[in-house]
Amino acid sequence: MNKPAFGRFLIKDLVGNRYLYIMMLPVLAYYLIFHYAPMYGVLIAFKDYSPMKGILGSPWVDFKHFETFFNSYYFLRVLKNTLLISVYSLLFEFPAPIILALLINEVRSRSYKRVVQSITYMPYFISMIVIAGLIRDFTDSGGVLNSIYMYFGGDGTSMLQNEGLFRPIYILSEIWQKAGWESIIYLAALAGIDQGQYEAARIDGAGRLKQIWHITLPGLMPTIVILFILRMGNLLNVGFEKIILLYNPVIYETADVISSFVYRKGLLEFNWSYSTAVGLFNSVINLTLLILANWISKRVTNSSLW
Amino acid sequence: MKTTLSEKTFVSVLYVFLFILVIITLYPLLHVLWASFSEPSAIIAHKGLLWKPLGFSLEAYRLVFNDPSIYIGYRNTLFIVVVGVALNLLLTALGAYVLSRKQVYWNNLFMFIITFTMFFSGGLVPLYLVVKGVGLSNTLWSTIFPFAVSTFNLIIMRTSFAAVPDDLEESAKMDGANHLIILFRIIVPLCLPVIAVMGLYYAVEKWNGWFYASIFIQNHDLFPLQIFLRKVLILSSTDSMTGGSAAGEQFQIGATIKYATIMVATLPILFVYPFIQRFFVKGVMIGAIKG
């Protein structure tokens, strides 16, 4: 297409589709204001931002805030905590819904199955504030979990004041809240497995455990691999919302992650530029991990996000 | 086929194990229920598991319902859910409709602009500054406008809109229908299941959301329910409810007020849950297949 013809085409497209473009306008405005304006705002990571001077007027400081972060005591601490929470979730939280789905799948009674499913899905809908409130209450001295923990050698003081217990509490409560819900996707995959295979295995004399091992689990494998790879892409993406409801300065040593650090520095201590720099560091790493995970997924499973 | 002994053992172990899981899942909720009806002093003295109310008292509920904060919280949350979800669905549908049209030249660019936000964001402080900058802080709109479209939902809705057969629209166009009529009279009714599921997801997100309200809203009259809950559960402040009582009494009743507040704030969701559960499950499937 030569230039004037292309120009005429553009005008024709704009005129012909004008109502569609008008319909798109509010959506585009939303993305520009609430996604792209903050992306532009990331500039303050390289400046000493002050609200009086504005983003453009604030002086450039290049990588000062990044250097401060990398050289600070906090850098290794939040990086380690973020990675450990992620890795522990991968080890303990990730398999939970798979195991639950395998178990539910073996139940033959439809009504029992439905009861188990309905009840295990339920905690997913309870608000984070309530969950965090319950965790605080149950682990406090005299709380239910604390009393149980005392049988196993706990000293009865609040468990959230004990830095060794933060990760188990965090991960176990995640499992409690989400394993049921996350099992849905595996149950859907299980429904797609050819029932004839089980018939054949039974005729060959394979028991239930053997059937799970040789038919059900391989049938689930593609779903497990994809979800695992996606999880890898989110390795440094630990949300702060639940953490900031649970932690306190006594356990920052194990509980403070990158995102909660960004929140505290930025919105509680008003170190805007510094907080943005740390957040940008985290976003860039996340993006890299996601691209990497997607590339692996493409290689291994032939399925990818893009 | 004969049921062998090992088969029987397997099934019994399985049923018992799942039963234990169900109890573990339910226990925290039952604990809250029992504790909310108990005598405050008994709850303070009690340690360990709670299998029934200790005594019986409705005092905590009376105090919760006497506190205007909970009504303010409910009113604000209802506003955020109703107006927020309406805006979510309207914008998502508009975007999905345009993006699912084949003849629009700039759609590829639009798609890029939109999907890029799934992979990179400005972060917390820049968003905070933008919301403040456009004058939304200390309004309920600060929890609505900045989250008006979920990119993931937009892409799913676009896929389902694109699956509507073209000839339906063609014949409507012959009859002189414009885009808005095609969208709301033809496509929306056909894609209603997807839209309903999405509305439910948006609604739960809005109902449970607290973080952005906590950073943008300082005015007590604008606090949504979750912020009020945070005050009672996380910051352990029940003064607004126990204002008139003596200090010792305040401490005691505070122990059961927490539970009563959780019940009052969570019951609506748990009541609705059995009726809408299957829609959510459907939603997971839609996301899994198309996402």
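**Figure 1. Surroundings of Ile262(B) in the predicted model.** Leaving aside residues up to four places away in sequence, Ile262(B) touches Val130(A), Gly133(A) and Val32(B). The structure shown here and in the other views is a predicted model. Ile262(B) lies in helix α14 of chain B. Because 27 C-beta neighbours fall inside 10 Å, Ile262(B) counts as buried. Val232(B) is 30 residues away from Ile262(B) along the chain, and 9.3 Å separate the C-alpha atoms of these two residues.

**Figure 2. The side of chain B that touches chain A.** In this contact, 68 residues of chain B meet 67 residues of chain A. Two or more residues on the chain B side come from each of α1, α4 (68–100), α5 (107–119), α6 (124–133), α10 (192–208), α11 (211–216), α12 (225–233) and α14 (247–290) of chain B. Of these elements, α1(B) gives the most, with 12 residues. By residue class, the chain B side that touches chain A comprises 47 nonpolar, 16 polar and five charged residues.

**Figure 3. The nonpolar cores.** The largest nonpolar core contains 113 residues. The residues with the most contacts inside this core are Val130(A) and Val278(A), together with Tyr97(B), Met157(B), Met198(B), Leu229(B) and Ile257(B). Helix α4(B) supplies the largest share of the core, 11 residues. A second, separate core has 17 residues, among them Met122(A), Trp181(A), Ile185(A) and Leu187(A). In soluble globular proteins, nonpolar side chains tend to be buried together.

**Figure 4. Contacts of Val278(A).** Val278(A) is among the residues with the most contacts inside the largest nonpolar core. With residues up to four places away in sequence not counted, Val278(A) touches Phe69(A), Ile258(A), Phe261(A), Val262(A) and Lys265(A).

**Figure 5. Helix α9 of chain A and its cover.** Helix α9 of chain A takes in residues 144–151, and its buried residues are Val144(A), Leu145(A) and Asn146(A). The cover over these buried residues includes α8 (128–139) of chain A as well as α1 of chain B. Gly153(A) follows α9(A) and has a positive phi, near 105°.

**Figure 6. The contact between the two domains of chain B.** Chain B is divided into domain 1, residues 15–57, and domain 2, residues 67–291. Taken over C-alpha atoms, the centres of domain 1 and domain 2 of chain B are separated by 32 Å. Nine residues from domain 1 and eight residues from domain 2 of chain B take part in the contact. On the domain 1 side, the elements that give two or more residues are α1 (5–36) and α2 (40–45) of chain B. The residues on that side of domain 1 comprise six nonpolar, three polar and no charged.

**Figure 7. Fold and dimensions of chain B.** Chain B has 14 helices and zero strands. The radius of gyration of chain B is 25 Å, whereas a compact globule of 291 residues would have a value near 19 Å. The C-alpha trace of chain B spans about 75 × 70 × 35 Å along its principal axes. Of the 291 residues of chain B, 36% count as buried. Among the contacts in chain B with a separation of 6 or more, 73% are accounted for by residues 24 or more positions apart.

Key: Residues numbered from 1 in each chain as written. Chains lettered and ligands numbered in written order. Predicted model: local features only at pLDDT ≥ 70, side-chain atom pairs only at ≥ 80, totals over all residues. Domains from an automatic or database assignment. Contact = placed C-beta atoms within 7 Å. Helix = DSSP H or I, 4+ residues; strand = E, 2+ residues; numbered from the N terminus. Nonpolar A, V, L, I, M, F, W, Y, C, P; charged D, E, K, R; others polar. Core = buried A, V, L, I, M, F, W, Y, C linked by C-beta atoms within 7 Å. Buried ≥ 20, exposed ≤ 12 C-beta atoms within 10 Å, placed from the backbone. Rg over C-alpha atoms; globule rule 2.2 N^0.38 Å.
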